[in-house]
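Trainee: I would like to learn how to read a structure feature by feature. Where do we start?

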Amino acid sequence: MRKLQVQGVHHITLVGADRQTSIDFWEGVLGMPFIFDQPNLDDPSQGHLYFDPGDGRLITIFTSEDRKPDRRRTPTDPGCVHHIAFSISQATFWQVVERLDARGIKHSGPKDRGFMDSIYFSDPLGLTIELASYRFEPPEGCRHADVMIEAHRIRVARGDNHIQREHLADAIELLVERTQQSLSTSRTAADPYRN
């Protein structure tokens with residue numbers, strides 16, 4: 001028996017309401033360019049809209065003019081989607097409250113997640129959307145996941161409850177030491193101000 005090794009999310013497809021509601025939310029609120037439009041090839045009575053969330057992946061929406069937005073919370077039963085999180089910059093993150101408030105969209109307010117900042121609100125169909133912003137940039141040649149696994153190991157070794165900024169900083173230092181060469185004989189912390 002062998003694994004089927006995945007290499008990332010290709011796309012996520014959601015069941016939407018009418019076409020314009022989808023365009024207005026995904027592009028008009030979240031800024032995702034509307035890049036492709038065709039019939040749903042499995043059910044030609046529905047539209048299939050494609051949006052670019054900013055990383056080359058796709059968010060696609062099945063639409064039907066017979067469906068109208070229903071703002072009740074989508075199901076959170078086992079097997080259902082709880083929420084979808086999208087990455088945003090820190091510069092954008094600190095504008096989210098003002099921009100959601102300007103539209104009258106209810107939201108959670110900023111949430112401190114230790115390694116990231118988050119804010120939650122619902123799309124016009126009741127799906128919870130999270131806007132998440134990492135509090136760090138990974139070292140050159142590393143991914144956010146590389147920092148997260150090292151920060152997790154550091155957190156667990158120290159007996160801490162959740163990843164915090166100090167764990168991230170220590171993880172980044174460890175990854176730099178591990179992945180980037182130096183001519184120094186010692187890479188330990190030093191005090192050039194001691195004299």
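Mentor: Start with strand β4. Both of its faces are covered: L58, T60 and F62 are buried on one side, and I59, I61 and T63 are buried on the other. Keep in mind that this is a predicted model.

Trainee: Why do the residues of β4 fall into two sets, one for each face?

Mentor: The general idea comes from strand geometry. In a regular strand the side chains alternate between the two faces of the sheet. Here L58, T60 and F62 take one side of β4, and I59, I61 and T63 take the other.

Trainee: How many residues of β4 are buried, and what follows for the strand?

Mentor: Six of the six, over residues 58–63. Buried means under 20% relative accessible area. The strand is therefore largely enclosed by the rest of the structure.

Trainee: Which strands pair with β4, and in which sense?

Mentor: Take the partners in turn. Strand β1, residues 11–15, pairs with β4 in the parallel sense over five bridges. T13 stands opposite T60 there. Strand β3, residues 43–51, pairs with β4 in the antiparallel sense, also over five bridges. In that pairing L49 faces I61.

Trainee: What joins β3 to β4?

Mentor: A hairpin, with six residues between the strands. Look at G54 in this hairpin: its phi is positive, near 110 degrees.

Trainee: In what order do the strands of the open sheet run?

Mentor: The order is β1-β4-β3-β2, four strands with mixed pairing. β1 and β2 are the edge strands, since each pairs on one side only. From one strand to the next, the twist averages 20 degrees. β2 and β3 pair in the antiparallel sense over six bridges. There F36 stands opposite Y50 in β3.

Trainee: Now salt bridges. How many does the structure hold?

Mentor: First the general idea. Side chains of opposite charge can pair when their charged atoms come close. This structure holds nine salt bridges.

Trainee: Which residue pairs with R19, and where do the two partners sit?

Mentor: R19 bridges to D37, with the closest N and O atoms 2.5 Å apart. The pair links distant parts of the chain: R19 is in helix α1, residues 19–26, and D37 is in strand β2, residues 34–40. They are 18 residues apart. R19 is partly exposed at 31% relative accessible area. D37 is also partly exposed, at 38%.

Trainee: What about a pair within one helix, such as E150 and R153 in α4?

Mentor: Their side chains meet in a salt bridge, at 3.1 Å from N to O. E150 and R153 are three residues apart in helix α4, residues 144–158, so about one helical turn separates them. R153 counts as partly exposed, at 46%.

Trainee: Which parts does the bridge between D170 and R158 tie together?

Mentor: Begin with the contact. The side chains of D170 and R158 meet at 2.6 Å, N to O. D170 lies in helix α5, residues 165–179, and R158 in helix α4, so the bridge ties together parts that are 12 residues apart in sequence. D170 is partly exposed at 23% relative accessibility. R158 is partly exposed too, at 40%. Elsewhere, salt bridges that share partners join D112, D117 and R135 into one network.

Trainee: Last topic, pockets. What volume does the largest pocket have, and which residues lie nearest its centre?

Mentor: The general idea uses a probe. Rolling a probe the size of a water molecule over the atoms shows where empty space is left. The largest pocket holds about 1,000 Å³ of space. Its lining has 36 residues, and P53, A85, F86, S87 and I88 lie nearest the centre. Elements giving two or more residues to this lining include β1, β4, α3 (96–103) and α4. By class, the lining divides into 21 nonpolar, nine polar and six charged residues.

Trainee: And what lines the second largest pocket?

Mentor: The second largest pocket has a volume of about 340 Å³. It is lined by 14 residues, with R71, I105, S122, D123 and P124 closest to its centre. Helix α1 gives the largest share of this lining, three residues. The lining divides into four nonpolar, four polar and six charged residues.

Definitions and conventions
Residues numbered from 1 in each chain as written. Predicted model: local features only at pLDDT ≥ 70, side-chain atom pairs only at ≥ 80, totals over all residues. Heavy atoms only, no water. Buried < 20%, exposed > 50% of the residue type's maximum accessible area, 1.4 Å probe, protein only. Pairing = 2+ DSSP bridges. Salt bridge = Lys/Arg side-chain N within 4 Å of Asp/Glu carboxyl O. 1 Å grid on protein atoms, 1.4 Å probe; cavity = no way out; pocket = protein on both sides within 12 Å on 5 of 7 lines; lining within 4 Å. Points joined across faces, edges and corners; volume = space filled by probe spheres on them. Nonpolar A, V, L, I, M, F, W, Y, C, P; charged D, E, K, R; others polar. Axes fitted to C-alpha atoms, helices over the stretch in contact; angles between N-to-C directions.
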